[in-house]
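Here is a briefing on a metal site, ring contacts and charges over rings. Keep the structure open while reading.

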Amino acid sequence: MEELFRSLIRLNTAVQRDTEQLTEVTYLLTQTLASTDKSTVDIASVYARNLDVLLFTLESARELVIVKNVVTILHHMLCVKPRIGGAVSKVSLRSASRCLLKVLVYLVNELEPIKIELLSTMYVIITKLSVVDKKLPVKARLQGALPVTVKVMLLPSVNVKLLLPLVKVLRIFAASSVNVAELGRSGAVVALVQLIQGMGRKHPTLQQISLEVLMMLLKSKKNLRRAVAAGIPKALLDFFLDWQGQDSRSKHIKEQNCLLTMLKQFSVNKPGRRALVEAGVVPRLYAACQRMSAARAELMPTASVVLRKCLPCNRLPLHGTETSIYTFSLPVIEHDPDCCCYATGEDVDEESSKQSQGLLAQPDLTVDVAQTCRLSCDMLDSSSTEEFFPELHDFPSVTLVTDISGLCGQVKGASLNGSSGAHSESAFVANAAEATAGCDATGAATAGSCGSNNVQDGKEDQGSSAEPGSTEGWCRELPAPSADYCDEALRSYHSAYLACASRTASVGRWNTVPYPDLCPVWTAPIQYEHLSQNTDDVKRRKLLEDISRTVHPASVMDKLVYSLDDVAEHTASARRSNSLTNTDEFQTDGEYPPSADHLLFNSQFESGNLRMAIQVRPYEYDLVLGSDINSNRHLQWFYFSVSQMEAAAPYRFNIVNCEKSNSQFNFGMQPVLFSVREAALSRVGWVRAGTDICYYKNHFTHMPTSGSGCQTKLHYTATFTLTFPHPGDVCYVAYHYPYTYSLLQTHLQQWEAVASRADVYFRRQVLCRTLAGNDTHVVTITESSQEICPADSRKYVMLSGRVHPGESNASWMMKGTIDYLLSPQAAPIRQMYIFKIVPMLNPDGVINGNHRCSLTGEDLNRKWSNPCPVLHPTVYHTKQLARFMVASGKPPLVFCDYHGHSRKKNVFLFGCSGRDSWRDEDAINCADDKSYLSLPVLLHQRAPSFNLGDCSFSIEDNKETTARVVMWREMGISRSYTMESTYCGCDQGLYQGYHVGVRELEEMGAKLCEVLEQLPHALGTNDHLLSKTLNILDSEDTLSEEDGASGDELSSVGSDVTERTADMDRQEASTSTQ
Ligand SMILES: [Zn+2]
C-alpha cells in the first residue's frame, strides 16, 4: 500500500501526466481501503499520512474517473471509517475542505453531465469537514461554491439523495451573513421555495432542513425583498395553512413553527407585511388559529404576532392629546431651574446666604455659582427645623448635642418647658380638632383592617389589627367579622372624613368622594385569596378576541361611553371637594333606574384614574388611563367606579394604554374590587377579583408628535373579566387597595385620639405644604413615660412612604406601622426609640391619581440629593429633618422609605452595602460594615411576607439620588433602606401562593417595628448568622419573573419598532423600582 502511495506521488510529479496509471493506482487504493478491516490501525495511519497526496491528486485531476476514485477514498476515510479520519491532522482536514470545494465548482461548471452520486458524496464529506473547519463557509464563498450549489439544486435531474446532503451544506454556508446575501443573489430563496413546494410532505427531514435554511436566508432584508417580489409570502402562507389543515395528528409542529416564523419575518417588514395582507393573512390565519387544537398551542404566540403586525395600527382614541388632561402651573422660577436658589428668603437662612456671598466674593476661587446656590439651599435650616422635634420641649432630659459645623446655623437651645403631653398648636390641628368633634367614639377605629376590630375603646384594641397575626397560631380561617361599628361611630367617622376631604386640594375636578373611603372598617375576605391560575390559553383567547375586531369590524360597537375630558368640562370648577359627599348607596337601592344600555363609569374622585371608556362589544370595554399630571407617561395606576351592571354578566375590561413590558397580571395578580352594595349589606370591602387576566402587547400605537424624533410606541393591554356581585350596584375597581390622602388625614386624627388615651407620646405637625397647597405631616411617636427608659437615651428611627403615588401598598404598610406603634404591646419599642414619620411624601400625586410623579411631572425619589424647597418641598423638608438629627449628634439608627414593587412578589428591602457600590471608593471606605444586614435578617425570621432572598444591597449610579442612597451617603445612616412590597402576593413562606391584602401589608408594617426590639442585640451580627444570611442572598436565583416569559413574548423578532421599544422597556425596567 505504501507502494501505491509512492507511485501516486511519482505520477503526480511526473512531467508527462499518465492518466491511465493514475486511474489504476487510485482505483487500487479504493479497493484496499474498502477491504480494510476497521481495526487495521496501520493502514489507517498510512492513509492519514498520505491525505495531502490524495488531495493533490484530486485537485490536479481533470478526469472524472480519477476524481471519483479519490472522492470515494476520502469518503471512506472521513465518513465511513471515522477512525481513519481521526488520525488525520486538523491542518490536513482544513486543506481538504478547500480542495473539495474547488473540485466541486470545477465539476459543476466544467464537466457535463453532472454526476449526481459523486456530488452527493462530496456534499456529505463537506458536511463532515465543517465540524473541524469553522472557516468553511468563508472558503465556500471564496471558491465560488455558493452559486454552484444553488445551480445544482435547480437541476432537473436532482433527487432526494443529492438534495439532503446539499441542503445540509447550505445550512452550514448560511451561517455567515455575507453568504446569506450571496446565496440570495444566486437565487437560493426561490430555489428553496420551489424545492419545498415540489416535495410536498414526503420527505420530512429534507423538508425541515430546507425550511430552516430558508428561514436563515430570510434574515437578510434584501432576501426578504426578493422573496416578496417572487410572491413567496403568499406561497408560504398557503403552505402553512395546508399543513395546518392536513396535519390532524399534530406531528409536524416543528415545520409549522418554521413557516410561521418566516411569516413573522415578513410581517415585520413593510413590503412583506403588505404582501401578507394582500394574501389575506388576517382572516385566513385568524380562522386557522381558531381551529388550532391545544396540541398546537405553542404556535399561537407566533401566529398572533403575525396577525397583530398585519392588523392596521390603531391610534389610541385620545382625540389628539396624549398628555395629562389637567395641567398644573408650576411656580415661576427666575433662575436656572437646575439651581435651587430662589428668592424665597425664609428658606435660605442668613448664615448660609452670607456664606455663599462670601465664597463668591473671593476672587481667587473658581466658584460654580449653581453649585453654591445648591449648597445654600440644601443645608440645614436648624431654627425652623427644630420645631418638628417637639420632644425637645416635652422631655426636659432630651438635649441634642449640636455639633453643626460649617454649613449649619446654631440650634437654638431646647426650650425646656416640661409640659409633657402638650399638643402642637398648629392651625391645622385646631381645625382638625373641630372637624373631629364627635369623632371620639371612633377611638381606635382602623379603617380597612380585617375582622375583629374593636372600635369602641382604644384600650380594648389588643388582638385587633394592631396585633397582626404572628407566625405562630396563624390560621387560614379568619375570625368572624365584628359588627359593632355602631351607627353613631360611623356618623362621626363620616363627618371627620368629609371634613378632611373638604380640605384636600386637587388639580382635577371631582364630583364625589370615593365610597370605600367612607367605610372605616370592612371585613377582609374570610379565606386568604389565592393567586389566580393563568394559562397560556387565556392569552390566546384574548388575543383572538382582539383580532376578531379587525376580521369582523361590523361586530365592534366602538362607542365612547366615558370621557373625562368631556365630563370635566361640565363639572363646576371645584379645586377643593368642599361640598362633596357620596350617593352611591342610593344608586344601589333601586331609586335610580338604568338610564343607559352600557356601564356608567366615573373617575372624578380622589386618586381616581380613568380617562376614557369605549364600549367595544355589549360586555367589553376598552379603558384608557390618564398620564401623570404635567407628563405624558407613567400609565399604570387605575381607580374608577362602574354602575348599572347586569346580574351575573361577565364584563371584559381592557386597559389598552399600559406602558411596562410585563406585569404581575401575567403571574397571578388580580385587580381589586369594592361593591357598595356588598359593603352596605355585610361590610365586605375590597376583594381581589377578576378572571381571564393577562397582559400583552397590543396594536395601539402612540404616535410621536411630528419632528419629535421619537419612535412609534406600542402599548400593552391589561385585561380582566369581572362578574359583579349584584345587579344595579356601584363598584369600584382599582390596580391595588386605594389609600387616599383624605383617608390618611382622617387616620391621623384617629391616631391622635388613640394616643391621647394611652401612654403614647404622639405629635403630628404640618411639615410643609405641597405645590397644590396640601399639608404634609410629620408624626413623632415615642413613650410618654420615662420610668423605664429616659427619653434622652432613645434612638431615632425615621420612616417615610408613598413618594410614588401609585404605590398604595406603601401606605397600608405605613398604617400598619403606626397602628402598631400606638398599641399597648409596642410599649417596649416606644421606650427604646423616637419615631419620626412622614407617612405621605407625595400627597399631590396621590390626590390626583398619578402613578409615579408629583405635580412637576418629576419622580420625587430622584430628587433627594438636591431637592428644591419650592418644587420639591416634601423631600426638601424631610431631608432637613434627617440633617437636623445628624447635626445634633443623634442620626437615625434606621431610615426606611416604603414603596411598592410592580414586578416582583413578596416584601423585601433594598439597602446600602459599600462593598456593592458602583463607586470604588465606597468599597474601600465601608468594606467590613455589615450592619445593614441585621434588620433584613430579623425581618426574614419574623415577617411572613418578607423574603431575604429578594433583597439587594447594591448601590447603582442611577439610584444615587433616591432617599435610600442619599440618607446613606450624605447622612451616614448605615441602615438606610427602601422597603418594597409586592402588589401581587408571595411565592415563599406562609403566604406562598396567596395575594397580599391590606391585612398582610399592615402586618408587614407592624413587623418592621416589632423587630426593632431585637435590633440592638443583633447589631454585632454574629458570624454564624452573617454567613447564613450571605448564603441565602447568594443562593437566590437571580432570575426573576421579569426576566422570564414576558407580555412581550409575542414580538421577539425585531422590527426596528419593536427593538427600540424593547430597549426603552429595558431602560424603563432599570429605573422603574424605588
Ligand atoms: Zn416606589
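Rings of Phe, Tyr and Trp pair if their centres lie within 6.5 Å, with the six-membered ring used for Trp. The model is predicted. By this rule the count comes to 34 aromatic pairs. One aromatic cluster is formed by Phe-601, Tyr-619, Tyr-621, Phe-638, Phe-640, Tyr-651, Phe-653, Phe-665, Phe-720, Phe-724, Tyr-735 and Tyr-983.

**Phe-601 and Phe-653**

- A pair of aromatic rings is described by the distance of the centres and the angle of the planes.
- The ring centres of Phe-601 and Phe-653 are 6.3 Å apart, and their planes stand at 85 degrees. Planes over 60 degrees apart count as edge-to-face, so the pair of Phe-601 and Phe-653 is edge-to-face.
- Phe-601 belongs to strand β3 (residues 600-602), and Phe-653 to strand β7 (residues 650-658). The pair therefore ties together parts that are 52 residues apart in sequence.
- Phe-601 and Phe-653 are both buried.

**Phe-665 and Tyr-735**

- Phe-665 and Tyr-735 also form an edge-to-face aromatic pair, at 5.9 Å centre to centre with 75 degrees between the planes.
- This pair links distant parts of the chain, 70 residues apart. Phe-665 lies in the loop between β7 and β8 (672-675). Tyr-735 lies in the loop between β12 (730-734) and α31 (741-756).
- Phe-665 has a relative accessible area of 2%, so Phe-665 is buried.
- Tyr-735 is buried because its relative accessible area is 3%.

**Zinc site**

- The zinc ion is coordinated by His-804 (ND1), Glu-807 (OE), Glu-807 (OE) and His-899 (ND1). The distances run from 2.1 to 2.3 Å.
- Along the chain, the donors of the zinc ion follow the spacing H-x2-E-x91-H.
- The four donor atoms subtend angles of 59 to 152 degrees around the zinc ion. A tetrahedral arrangement needs all angles between 85 and 135 degrees. The arrangement around the zinc ion is irregular because of its angles.
- The cut-off for buried is under 20% relative accessible area. His-804 has 0% relative accessibility, so His-804 counts as buried. Glu-807 has 3% relative accessibility and therefore counts as buried.

**Charges over rings**

- The charged end of Arg-62 sits over the ring of Tyr-106, and the distance from the ring centre is 4.5 Å.
- Arg-763 lies over the face of Tyr-761. The distance from the ring centre of Tyr-761 is 4.0 Å.

Conventions: Residues are numbered from 1 along each chain as its sequence is written. This is a predicted model: local features need pLDDT of at least 70, side-chain atom pairs count only at pLDDT 80 or more; totals for chains, interfaces and linings use all residues. Side-chain values use heavy atoms; hydrogens and water are left out. Donors are N, O and S atoms within 2.8 Å of the metal (3.2 Å for Na, K and Ca); water is not among the atoms, so sites may look incomplete. Four donors count as tetrahedral if all angles lie between 85 and 135 degrees; four count as square planar and six as octahedral if opposite donors are over 155 degrees apart and all others between 65 and 115; anything else is irregular. Buried means under 20% relative accessible area, exposed over 50%, partly exposed in between (1.4 Å probe, protein chains only). Rings of Phe, Tyr and Trp (its six-membered ring) pair if their centres lie within 6.5 Å; planes under 30 degrees apart count as stacked, over 60 as edge-to-face and the rest as tilted. Helices (H or I, at least four residues) and strands (E, at least two) are DSSP runs, numbered from the N terminus. A charge sits over a ring if NZ of Lys or CZ of Arg is within 6 Å of the ring centre and within 35 degrees of the ring normal.
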